[in-house]
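Subject: Structure for you to look at

Hello,

Here is the structure I promised to pass on. Please open it and keep it beside this email while you read.

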Amino acid sequence: QVQLVESGGGLVQPGGSLRLSCAASGSIFSVYTMGWYRQAPGAQRELVAAITSGGSTNYADSVKGRFTMSRNNSKNTVYLQMTSLKPEDTAVYYCNARLFSRSSWGQGTQVTVSS
């Protein structure tokens, strides 16, 4: 089991940047595959980025070249650096930890991109 707490969301103008953090506790963090998901009002929750225990990353096409996911196992934390933000990036962003078939979720942090 792992407990996750997201932070770093907020209101930014188009073209701006934010860095989201997800702090994990309660388990051996380094073995988990970590992911960032987002959900906009009326939409399905979608995968934004993922990083494996070995450090391999994958990104949704919509964020490639703009978002970067990283992990610091010594701090039990994963990050999502978001740049060149667009209004369509507006959503609640959720952190996910997966080990085998079990997934844990954080409570989410709101990101709003608006003029």
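Start with Arg66. Arg66 forms a salt bridge with Asp89, and their closest N and O atoms are 2.8 Å apart. Bear in mind that this is a predicted model. The pair links distant parts of the chain. Arg66 is in the loop between strand 6 and strand 7 (67–72). Asp89 is in the loop between strand 8 and strand 9. The two are 23 residues apart. Both Arg66 and Asp89 are buried. They also belong to a network: salt bridges that share partners join Arg38, Glu46, Arg66 and Asp89.

**Other salt bridges**

Side chains of opposite charge can pair when their charged atoms come close. The whole structure has four salt bridges. One of them is between Glu46 and Arg38, at 2.8 Å from N to O. Are these two partners buried or exposed? Arg38 has a relative accessible area of 6%, and under 20% counts as buried, so Arg38 is buried. Glu46 has 36% relative accessibility, so it counts as partly exposed. Another salt bridge joins the side chains of Lys64 and Asp61, at 3.1 Å from N to O. Asp61 counts as exposed, with 64% relative accessibility.

**The disulfide**

A disulfide is a covalent bond between the sulfur atoms of two cysteines. How many does the structure hold? It holds one. Cys22 and Cys95 are the partners, with 2.1 Å from S to S. The torsion about their S-S bond is about -85°, so the disulfide is left-handed. Now find the two ends. Cys22 lies in strand 3 (residues 18–25). Cys95 lies in strand 9 (residues 91–99). The pair therefore ties together parts that are 73 residues apart in sequence. Cys22 and Cys95 are both buried.

**Rings**

Next, look for aromatic side chains. The count is one aromatic pair. Its rings belong to Tyr37 and Trp105. The ring centres are 4.9 Å apart and the planes are at 65°. Trp105 is partly exposed, at 37%.

Arg45 lies over the face of Trp105, 4.7 Å from the ring centre. Elsewhere, Arg71 does something of this kind with Phe29: the charged end of Arg71 sits over the ring, 4.8 Å from its centre.

**Strands and turns**

Go back to strand 4 and follow the chain. Strand 4 pairs with strand 5 (residues 46–51). The two are antiparallel, with five bridges. Trp36 stands opposite Ala49 in strand 5. The hairpin of strand 4 and strand 5 has six residues between the strands, and Gly42 in this hairpin takes a positive phi near 75°.

Strand 5 also pairs with strand 6 (residues 57–59). Three bridges join them, and they run antiparallel. Ala50 has Asn58 in strand 6 as its bridge partner. Strand 5 and strand 6 form a hairpin too, with five residues between them. Which residue in that turn has a positive phi? Gly55 does, at about 95°.

Gln81 is in strand 8 (residues 77–82). Gln81 counts as partly exposed, at 31% relative accessibility. Which residues does Gln81 touch, leaving aside its neighbours within four places in sequence? The contacts are Ser17, Leu18, Arg19, Arg66, Phe67 and Thr68. Arg66 is the residue we began with, in its salt bridge with Asp89. Compare sequence and space for Gln81 and Ser21. They are 60 residues apart in sequence, and their C-alpha atoms are 8.8 Å apart.

Best wishes

Definitions and conventions
Residues are numbered from 1 along each chain as its sequence is written. This is a predicted model: local features need pLDDT of at least 70, side-chain atom pairs count only at pLDDT 80 or more; totals for chains, interfaces and linings use all residues. Side-chain values use heavy atoms; hydrogens and water are left out. Rings of Phe, Tyr and Trp (its six-membered ring) pair if their centres lie within 6.5 Å; planes under 30 degrees apart count as stacked, over 60 as edge-to-face and the rest as tilted. Buried means under 20% relative accessible area, exposed over 50%, partly exposed in between (1.4 Å probe, protein chains only). A charge sits over a ring if NZ of Lys or CZ of Arg is within 6 Å of the ring centre and within 35 degrees of the ring normal. Two strands pair if DSSP finds at least two bridges between them. Helices (H or I, at least four residues) and strands (E, at least two) are DSSP runs, numbered from the N terminus. A disulfide is a pair of cysteine sulfur atoms within 2.5 Å. Contact means heavy atoms within 4.5 Å.
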